[in-house]
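I opened the model and kept short notes on what I looked up. The entries follow in the order in which I made them.

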Amino acid sequence: MLGINMRVLRIFMGWTFAIASVICFVITVLFIRQSFRGDFALSALSRLICSALFLALTMTFGVAWWTIWTDKPSARRWGVAASSIHVLLTLWMIVFRSYLILSCQGFGLALGVVGLIAFLWPDKVETVTDDSDLANNPS
C-alpha cells in the first residue's frame with residue numbers, strides 16, 4: 001500500500017516539476033525579451049546570467065518531469081535534484097530576502113520537502129527465498 005502511495009506522490013511531484021518548468025521557461029523568455037528592449041534595470045551580463053540560470057532551471061525541472069512521466073530508472077535522481085532546487089531556492093528567499101515562511105515561499109519549501117521524501121523513500125524490497133536451501137534442509 002505504501003508503495004502505491006509513493007508512486008502517486010512521485011507522479012504528482014512530476015507534474016509540479018512540469019509546471020515549474022513552464023514557469024521558468026516563461027521567465028527566461030521575458031528576460032530575453034526585456035534585454036532586447038533595453039528598458040531593463042540590469043546590465044547585459046546580468047541579463048545573460050539570469051537567462052542562463054532560468055534556462056538551466058527549465059531544463060532541470062523539464063527533465064525531472066520527463067523521466068518521471070516515462071518511468072525511467074533515473075527518475076528518482078532527477079526528482080531529488082528538482083526537489084532540492086525547490087528547497088534551496090525557497091530557503092534562499094526566506095533567509096536572504098526576508099520573506100515569511102507562511103507566505104508562498106513556505107508552500108514551495110513544503111513542496112520541496114515532500115518531493116525529497118517521495119524520491120528518497122526506499123522502495124519496498126521483496127525477499128526471495130533460495131530453493132536450494134530448502135532442498136538441502138527438508139525440516
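**Entry 1: Ala20**

Which residues does Ala20 touch, not counting residues up to four places away in sequence? I found Phe61 and His86, where contact means heavy atoms within 4.5 Å. This is a predicted model, in which local features need pLDDT of at least 70 and side-chain atom pairs count only at pLDDT 80 or more, while totals for chains, interfaces and linings use all residues. Residues are numbered from 1 along each chain as its sequence is written, and side-chain values use heavy atoms, with hydrogens and water left out.

Ala20 is found in helix α1. I take helices (H or I, at least four residues) and strands (E, at least two) as DSSP runs, numbered from the N terminus. Ala20 counts as buried because its relative accessibility is 12%. Buried means under 20% relative accessible area, exposed over 50% and partly exposed in between (1.4 Å probe, protein chains only). I also checked Ala20 against Leu57: they are 37 residues apart along the chain, and their C-alpha atoms are separated by 8.5 Å.

**Entry 2: overall layout**

I counted five helices and zero strands in the protein. From the N terminus on, the order is α-α-α-α-α. Of the 139 residues, 31% count as buried. Among contacts with a separation of 6 or more, 68% are between residues 24 or more positions apart.

**Entry 3: helix α2 and what follows**

Helix α2 covers residues 44-69, which is 26 residues. Its first and last C-alpha atoms span 37 Å, close to the 38 Å expected at 1.5 Å a residue. The expected span is 1.5 Å times one less than the number of residues. I listed the buried residues of α2, among them Arg47, Ser51, Phe54, Leu57 and Phe61.

Asp71 is found in the loop between α2 and α3. Its phi is near 55 degrees, a positive value in a residue other than glycine.

**Entry 4: the nonpolar core**

Which of its 17 residues touch the most other members? They are Phe17, Leu57, Phe61 and Phe119. Two or more core residues come from each of α1 (2-37), α2, α3 (75-96) and α4 (104-120). The largest share, six residues, comes from α1.

I then followed Leu57. Leaving aside neighbours within four places in sequence, Leu57 is in contact with Cys24, Ile85 and Leu89.

**Entry 5: Thr28**

Is Thr28 buried or exposed? Thr28 counts as buried because its relative accessibility is 4%. Thr28 is found in helix α1. Beyond its neighbours within four places in sequence, I found Thr28 in contact with Ser51, Phe54, Leu55 and Thr58.

**Entry 6: pocket and cavity**

The search ran on a 1 Å grid over the protein atoms alone. A cavity is a set of points where a 1.4 Å probe fits but cannot get out, and a pocket is an open set with protein on both sides within 12 Å along at least five of seven lines. Lining residues have an atom within 4 Å of a point. Grid points are joined across faces, edges and corners, and a volume is the space filled by probe spheres set on the points.

The largest pocket has a volume of about 690 Å³. It is lined by 23 residues, of which Cys24, His86, Leu89, Thr90 and Gln105 lie nearest its centre. The elements α1, α2, α3 and α4 each give two or more residues to this lining. I sorted the lining into 18 nonpolar, five polar and no charged residues. For this I counted Ala, Val, Leu, Ile, Met, Phe, Trp, Tyr, Cys and Pro as nonpolar, Asp, Glu, Lys and Arg as charged, and the others, Gly among them, as polar.

I found one cavity of 30 Å³ or more in the whole structure. Ile11, Gly14, Trp15, Trp65, Ile68 and Trp69 line the largest cavity. By class, that lining has five nonpolar, one polar and no charged residues.

**Entry 7: Val114**

Val114 is found in helix α4. Val114 is partly exposed, with a relative accessible area of 33%. Not counting residues up to four places away in sequence, Val114 touches Leu9 and Met13. Val114 and Arg10 are 104 residues apart in sequence, and 9.4 Å apart in space, C-alpha to C-alpha.

Notes. A nonpolar core is a set of buried Ala, Val, Leu, Ile, Met, Phe, Trp, Tyr and Cys residues joined through side-chain atoms within 4.5 Å.
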